[in-house]
Every structure is written in C-alpha cells, then in structure tokens.
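Please read this briefing beside the sequence and the 3D view, and look up each residue as it is named. The points below are grouped by topic.

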Amino acid sequence: MAGFRDREKQHFPLTSIQAVVDLFSDQLERGDEVDLALLSIVLGCIENTLTMNRSSHSNVDESKTITPIFPVVEADTIEALYAKFTALIKGAVDLTKFESEYATRELVKRVSDVVWGSLTRAYYKDKAHLQSLFSFLTGNKLDCFGVAFAVVAACQVLGFKDVKLSLSEDHAWVVFGKDSSETAEVTWHGKGNEDKRGQPITEAVRDKAWLYLNGQPVVCTRQMEAAAMVSSINPAISATIDSVEMGSLQQELLCLLYQKGHLSRYPMAIGNLADLEEISSIPGHPTSNQLFEEAIRVAQTHYNNQHVYPYTYFGGYMYRHKQYAKAIHAWAEAASVIKGYNYTREDEEVYKEFLEIANDFIPTIAKVCFKEESSSSGESSLLQNPAVYADLLRIYDGICEWEEGSSTPVLHTGWAQQFTFSLSKFDPRVRSLLDIHVENEEEEDEDGEEKDSSKPNGKDKQEKETDQAASQKALGVEKEKDTAATQRTRRGRKR
Ligand SMILES: FC(F)c1nnc(N2CCN(c3ncnc4sc(CC(F)(F)F)cc34)CC2)s1
C-alpha cells in the first residue's frame, strides 16, 4: 500500500527542481505503486508557492538580476495534507460493502460523490491552478480534470488498482473492473452540460464523438497518470507572466517520463514536452520536431489515427516557424481526422482550433505570401504550389464533411468568406495542375483502380495534359511523371 514512509520522507525537505525529479524518479520505479496523492500534493504545493499571490517582482533586486526562488517543501506539510486526504476518503467509504478485489460502479460513484460533495458550492471552474489535490485539500476547489484525477487517486488509497484514468483531448473519465472493461463518468464537462456521473460511456455515446475519441481514448497506467498530473501543471503567474521555475520543473518531469517510456502511448503529453522544448531546449533532450512527429506516429499506430491534437500541435509549430506549406499539410491531416466525427455542442474546444486555423492562420499565410509575391520577383512559391492548394482543399472539404450528419452546424458565412479569400490568393494556374479523383467506393474494382475513367475536370486526357504542360512550364515546375498533386477524394457517406 502506498504511504508516506521513510522511502518518501528521505527526499524531504525538497529544496530544488532536481529534488522533485528524484522523488518522481523513485516513485516511477515502484511501477503501479506510484503514489498519486503524494505527487499531486507536492506539485500543487510548489505551484501554489511559485504562481499564487507573487508580487510582480518579488525576486528582482535593484541590479535587475532575478534570483531563482524555489520553495522549501517540508515533509510535515505534505504528510499532514496526505493524512487529511486518506482520512477523508477512508472515513467516507464503508469498504465492508465492497468486498471484491475489483471496483464496482457503486464504489466509483460513491468516491466521485465524496470528492464532488467536498467542493466549494460556487467557484470559477476554469480558473488556473485547480487541478491538484493541494487545491482540493486546501481550497476545496477542483477543475474538471482535477475531479477525475482525485477519484482515481482516492481509489488508489482504497486499494483498487483497477480504477484507471481515461483521457480524451477534452474530457476525462475512468475505466475499472476485470480487463478494464467498465467505464464511468466521474466529473462534469464544459459549461451548462448536466454531469453524467456514474453513467457508463456507451457505444452510442462514443461512436463518431470527438469528446470520446471514437473509442480511442488514452487509458492510463499509474505512470501515465503521473504524466497527466505533470501535463496539468500550470506555470502561469498571470495572463502574461509564467514562473520560469515551474515551467522548468514541468519540462524536466515530462522529459524524465519520456525517457522512462511512460509517454509512449500519450500523444498530448509528448506534444506538451515538444512545446516546452521549443520555448527553451535543453541539451540532450529530444527536439521539438522529433517530439511532434513522434506524437503523430503514436496516434496513428495506437489510436487508429483518431486524435486531432497531434496534427494541430505540429501545424501550430510549423506556422510559428513560418514553414507554411508544412503547417497547411499538418492541418490537412487534422481535417482528415475530424471529418470522421459528427460535431456536437460539447466539441467547442476542437471547433475553436479549426476556427483559428481556417479564419486566422490560413488567411494570414495567404496575405503574407501574396504581399511577398507582389513585392519580390513574383517568386512566392507557396501560392503557386499545387500540393499546398490541394491541402487547402482537403482542409475545407474535411471541415464540410465534419458538418455533414452532425446535430450542430459548424460553418457560417464567415468561414466561407475566409475560404474564398485564401483560395483566391493562389495563382490560377495551380488549378490546372490538380487532378481531383472522386472515387465512388462501390465502383472501385478489386485492385483499387477506378472502373470508368471519368473525365476529371470535364476535359479529356489529351486536353488536360496540354494544359498541365503549359502551366507547369509557366510555373517552372519540372514535369512530374504524374500530376504534382493527385488528390484522391473518397466520397463515402458517414454511416
Ligand atoms: F495544438 C493545439 F491543439 C493544442 N495545444 N495544447 C493542447 N492541449 C494542452 C494539453 N492538454 C492535455 N495534455 C495532456 N493530457 C490531457 S488530458 C486532457 C483532457 C482533460 F483535461 F483531461 F479533460 C487534456 C490534456 C490539452 C490539450 S491542444
């Protein structure tokens, strides 16, 4: 049973980032005995000291040098909070009613009710620093993720090893029972949505639903739950200032988890480490680029490519680094994922991602490149690149397909205005270099070849090749064996 024993106590008092890394490393070596309550209280305590009520320049002296401050975390502070948590949970759950080694739905619901019932009546749920057990035990406040995490930590205190955190890109719930075959809501989601705590996540609820990743959530091990707690660290002191020490601690802990292989099934945590490495890379750490690409590979390999964020993370990174063609390609991949989902009112977070991509980032790219082209010798290759134009069409087509069959509309005229604005900035000649195949699945014969060579773009082959040669020559695009961007559009209706 986890507990606050000599093995833990020897690390205290914690006086540096390295001391916290050593405590985590020691805990991670314990396999599924990682003590979630202990680690969450420690991180919450440090975050509270480094980010809350810090006067603007408390650690800057007259010579403008900033002396790094790391709080001293005493054993008895943590031990007292740990004892408070175990007393609350063990005092509220009568274990004689739950004889089985495995948790039951009643047990999980009871633990969720105990956490839920301890929360302050009314508070701003999406405020920062409400994710840890420190916040729960000292302020009776938790955010949506924090409630789910607290339920899992509580079940660990009660000795139920089968209760695990299950994560999508914007929601959290638990799995439990033999082979983790059961699921249960334990927290709320979003604003104005009735919580469904205690209910299972059924096939009807999760299929084609981004909030549940179409049945491909990240089901955590204990070490991945530690990674989720580290990912939820919030180094923000204010809207514009971050604690450098808290950011470094998060980066060092994510890197430790990465090196121990505990992020190998957790694309978002890999993306979080990539973001931190981009801000300040540490020698010997993997690069942002490598990490973003790994997050994508993990989602493709282990989650049937149903995750959106690995592509939007990578697209954002390429955009910031002005690699616009790669950014647009990543967003086209993201759109290819989202088109398999039906949009619902609980998907606002991913809606905002695509809104920003289509109505801010892409129009900005079109303007910047168009201006460059008119000012320089007309060499803005992006607006003359058929592959980029094809990716742009995939983005718009994917968003349209996302809306198809959805209960809530996605698009409005603002989207259409931005779509047409961006497309209009491309050189008209790129269109003749596009070969858009519309495959109708039932017409495809066994080796995937199209049966009838429908006249793409209404021209016969000969006319098309002449057009293409002329355009390629004019654009200085060397003759490709086949068209520069063969765009295969599979027009399958969502079932
Ligand atoms: F590239 C953009 F799409 C993004 N940039 N940052 C993104 N994050 C940052 C971190 N993040 C996360 N990072 C690790 N694990 C989790 S589990 C989860 C859902 C919930 F909070 F549990 F409900 C969210 C999340 C959420 C998504 S997406």
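P13 lies in the loop between helix 1 (6–9) and helix 2 (17–28), where helices (H or I, at least four residues) and strands (E, at least two) are DSSP runs, numbered from the N terminus. The peptide bond that leads from F12 into P13 is cis, with omega near -5°. This is a predicted model, in which local features need pLDDT of at least 70 and side-chain atom pairs count only at pLDDT 80 or more, while totals for chains, interfaces and linings use all residues. Residues are numbered from 1 along each chain as its sequence is written, and side-chain values use heavy atoms, with hydrogens and water left out.

**Backbone in two other loops**

- N304, which is not a glycine, has a positive phi of about 50°, and this residue is placed in the loop between helix 12 (288–302) and helix 13 (309–320).
- K322 is likewise not a glycine and has a positive phi of about 60°; its place is the loop that links helix 13 and helix 14 (324–338).
- K322 counts as exposed because its relative accessibility is 61%, given that buried means under 20% relative accessible area, exposed over 50%, and partly exposed in between (1.4 Å probe, protein chains only).

**The protein as a whole**

- The secondary structure comes to 18 helices and six strands.
- Of the 495 residues in the protein, 50% are buried.
- The accessible surface comes to about 23,200 Å², and 51% of that area belongs to carbon and sulfur atoms; such areas come from the Shrake-Rupley method with a 1.4 Å probe, and for residues only the protein chains shown count as cover.
- Among the contacts (heavy atoms within 4.5 Å) with a separation of 6 or more, 69% are between residues 24 or more positions apart.

- Four strands form an open sheet in the order 3-2-1-4, with antiparallel pairing; two strands pair if DSSP finds at least two bridges between them.
- Strand 3 (182–184) and strand 4 (218–219) stand at the edges with a single partner strand each, so one side of each is left without a neighbour in the sheet.
- Strand 2 (residues 172–176) pairs with strand 3 in the antiparallel sense over three bridges, and V174 stands opposite A184 in strand 3.
- Strand 1 and strand 2 run antiparallel and are joined by four bridges, with K164 opposite V175 in strand 2; these two strands form a hairpin that has four residues between them.
- Strand 1 is also joined to strand 4 by two bridges, again antiparallel, and L167 has V218 in strand 4 as its bridge partner.
- Helix 9 (residues 222–231) lies across strand 1 (164–167) and strand 4, running at about 55° to strand 1; here axes are lines fitted to C-alpha atoms, for helices over the stretch in contact, and angles run from 0 to 180 degrees between N-to-C directions.

**Cysteines**

- How many disulfides does the rule give? The count comes to zero, where a disulfide is a pair of cysteine sulfur atoms within 2.5 Å.
- C155 is in no disulfide, and the nearest cysteine sulfur, that of C220, is 14 Å away; C155 counts as buried because its relative accessibility is 0%.
- C220 is in no disulfide either, with the nearest cysteine sulfur, that of C144, 14 Å away; at 1% relative accessibility, C220 counts as buried.
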